[in-house]
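Hi everyone, thanks for making time. I'd like to walk you through one structure today, so please have a look at it before I start.

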Amino acid sequence: MAATTLPSGEPASEDTSLYPIAVLIDELKNEDVQLRLNSIKKLSTIALALGVERTRVELIPFLTETIYDEDEVLLALAEQLGNFTSYVGGPDFAYTLLPPLESLATVEETVVRDKAVESLRQIAVLHSPTDLENHFVSLVIRLASGDWFTSRTSACGLFSVCYSRVNPMIKSELRNFFRNLCQDDTPMVRRAAAGKLGEFAKVVELDSLKNDLIPMFSSLAQDEQDSVRLLAIEACVSIASLLTHEDVNDLVMPTLRLCTSDSSWRVRYMVADKFTELQKAVGPEITRIDLVPTFQSLLRDTEAEVRAAAANKVCDFCRNLCPPVASGALLNDPNAAQTSNAVDSIIMTSILPVVKGLVADTNQHVKSALASVIMGLSPILGKQRTLDHLLPLFLTQLKDECPEVRLNIISNLDCVNEVIGIQRLSETLLPAIVELAEDPKWRVRLAIIEYMPLLASQLGVQFFDDKLNSLCMTWLTDHVYAIREAATLNLKKLVEKFGAEWAQTSVIPKVIVMARDPNYLHRMTFLFCINELAEVCGPEITAKTMLPTVLSMASDSVANVRFNVAKTLQKIGPIVAQSAAVKSQIKPVLDKLNTDTDVDVKYFAAEAMSIIACN
């Protein structure tokens with residue numbers, strides 16, 4: 001077998017210090033992808049063995065020349081090189097890492113290019129101003145003027161990291177190249193430029209922003225490809241936040257108005273998704289004049305996705321309409337009071353009527369999005385308006401056929417509770433919840449049971465005991481098995497929230513009554529409850545309060561009840577294993593059941609005895 005040779009042509013055998021790079025070469029040329037990948041991941045170890053000079057002179061050129069591999073290997077290499085500065089001699093030699101990363105930034109696979117750009121951005125900040133101008137800017141320009149769109153898309157992400165540290169002449173050149181990318185023939189390049197326009201805007205001078213970048217933004221926002229136009233919306237947020245109120249109105253708003261009524265729903269969706277960010281960027285005055293009508297339009301959009309995105313922003317939009325004022329400011333400042341009245345008027349006359357329409361929207365995603373935020377309007381509108389205008393909407397949503405809508409309302413009851421108080425809440429929303437809990441359709445009842453632990457945590461133990469405890473106990477005797485099963489699990493979750501002491505006073509006594517119920521199904525439900533409660537109540541309460549009743553049911557007239565007694569004893573036996581009850585009470589009962597005339601009772605008794613004996 002021929003000896004391995006280094007990039008310089010030297011045989012590896014001549015110097016043992018060359019062995020690490022010889023191994024690297026062998027592994028990088030190996031047919032096994034995993035072996036090549038492992039070799040790339042060990043680059044730092046190899047670089048340490050070689051030293052900084054030989055890493056720069058031999059290893060980096062070798063890596064640059066051999067970038068023809070599986071995407072997985074190239075991705076690992078791009079990631080490694082981003083943290084490789086210390087292995088080539090520190091920031092003074094960071095520019096030596098640029099050639100392999102430049103090659104990686106031009107490959108076809110997007111994730112490899114993105115990782116190469118990320119590493120280049122990391123390295124850029126380590127360059128001195130001189131190295132940045134001599135090496136990094138040259139790389140950016142080569143990528144920006146490359147023949148393949150892949151290199152031009154990668155270039156878009158590099159302008160912002162070098163712009164602020166170069167001389168005015170180079171800055172002008174960089175702006176020109178970025179303008180060319182914004183006007184590129186290839187949509188993918190324009191898309192990349194639109195995506196990076198916002199961060200580039202943050203580093204350019206104000207005059208350049210107005211004279212150069214805003215025309216680029218306007219061009220991208222009216223691009224023939226909607227995938228480009230929607231990315232321009234993100235840039236709009238950054239640009240607007242950098243300008244004065246007058247400049248925003250004159251330079252940005254004409255283009256933004258076009259975007260809000262764009263023919264593509266994807267562009268309108270992006271406007272809705274970024275709406276509160278746009279609102280903060282343009283300021284309250286432009287918001288009241290321009291964005292309120294726009295927001296109404298988005299809430300009424302023909303596409304459900306757009307309406308849902310806008311509905312998600314209702315609460316934040318209303319909250320941002322008026323910036324927070326210091327305590328007492330409304331009393332002392334007539335302008336503040338006037339502004340507050342104007343905001344109230346906007347919400348009540350422009351936003352709330354549209355919101356009322358969305359409550360009955362035909363699309364469940366829209367209704368669900370609205371339900372997730374609508375409760376947050378209560379603190380904004382205050383007690384009386386919540387009672388007059390929002391509570392009817394909450395009641396409608398509580399009865400919605402979509403379970404997610406109901407869940408979102410129940411999940412946020414605490415917002416309303418803080419505004420109108422627990423008493424008014426119990427008088428208004430609670431009857432609707434109770435009505436659903438007694439609905440003829442068992443699936444509706446099941447949905448309310450599943451929400452009950454969440455509702456309990458929202459309302460607190462005192463309110464729950466007064467208003468909802470009896471309802472939870474009623475479900476245990478429901479004629480549908482799925483409801484009874486869900487009700488037992490519900491009790492367990494409630495005990496987990498409120499504690500074992502609460503269970504001892506508010507739950508267990510009511511459950512034990514079921515053990516004497518004439519209906520054998522209810523007696524079995526008692527046993528199912530004990531199966532769940534024993535685990536959360538602990539050994540002491542189980543042995544003292546629940547076990548005696550379970551043992552007394554071993555002589556029940558119904559075989560199904562008797563074998564469920566055996567199964568319950570099997571379940572709680574390990575829980576009370578440390579007490580004397582196992583030997584003195586449980587085992588004698590199981591021995592008796594093991595001689596039962598019913599074959600199923602005998603089987604489960606024997607199984608329980610076996611499990612308890614093991615424990």
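**A first tour of the model**

Let me begin with Cys182, which is buried, with a relative accessible area of 3%; buried means under 20% relative accessible area, exposed over 50%, and partly exposed in between, using a 1.4 Å probe and protein chains only. Before going further, a word on how to read this: it is a predicted model, where local features need pLDDT of at least 70, side-chain atom pairs count only at pLDDT 80 or more, and totals for chains, interfaces and linings use all residues. Residues are numbered from 1 along each chain as its sequence is written, and side-chain values use heavy atoms, with hydrogens and water left out.

Now, how confident is the predictor? The pLDDT is its confidence in each residue, from 0 to 100. The protein chain averages 85, and 91% of the residues score at least 70. By helices I mean DSSP runs of H or I, at least four residues, numbered from the N terminus; strands are runs of E, at least two. Over residues 325-331 the pLDDT is below 50, and this stretch has five contacts in the model beyond near neighbours in sequence. A contact, here and later, means heavy atoms within 4.5 Å.

Let's look at some buried residues. Ile123 sits in helix H7 (residues 110-124) and has 0% relative accessibility, so it counts as buried. Leaving aside neighbours within four places in sequence, Ile123 is in contact with residues including Leu81, Thr85, Ala94 and Leu101.

Beyond four places in sequence, its contacts include Asp361, Asp400 and Val405. Val405 brings us to helix H26 (residues 403-411), where Val405, Arg406, Asn408, Ile409 and Ile410 are buried. Those buried residues pack against H23, helix H25 (383-398), helix H27 (413-437) and helix H28 (442-459).

Further along, Asn469 lies in helix H30 (residues 469-475) and is buried, at 2% relative accessible area. Not counting residues up to four places away, Asn469 touches Phe464, Trp502, Ser506 and Lys510.

Last stop: a helix pair. Helix H36 (residues 559-572) and helix H38 (residues 599-614) pack at an angle of about 10°, with their axes 8 Å apart. Axes are lines fitted to C-alpha atoms, for helices over the stretch in contact, and angles run from 0 to 180 degrees between N-to-C directions. That makes H36 roughly parallel to H38; angles under 35 degrees count as roughly parallel, over 145 as roughly antiparallel, 65 to 115 as roughly perpendicular and the rest as oblique. Among the residues that meet are Phe563 and Leu569 in H36, and Phe604 and Ile611 in H38.

How values were computed. pLDDT = per-residue confidence, 0-100.
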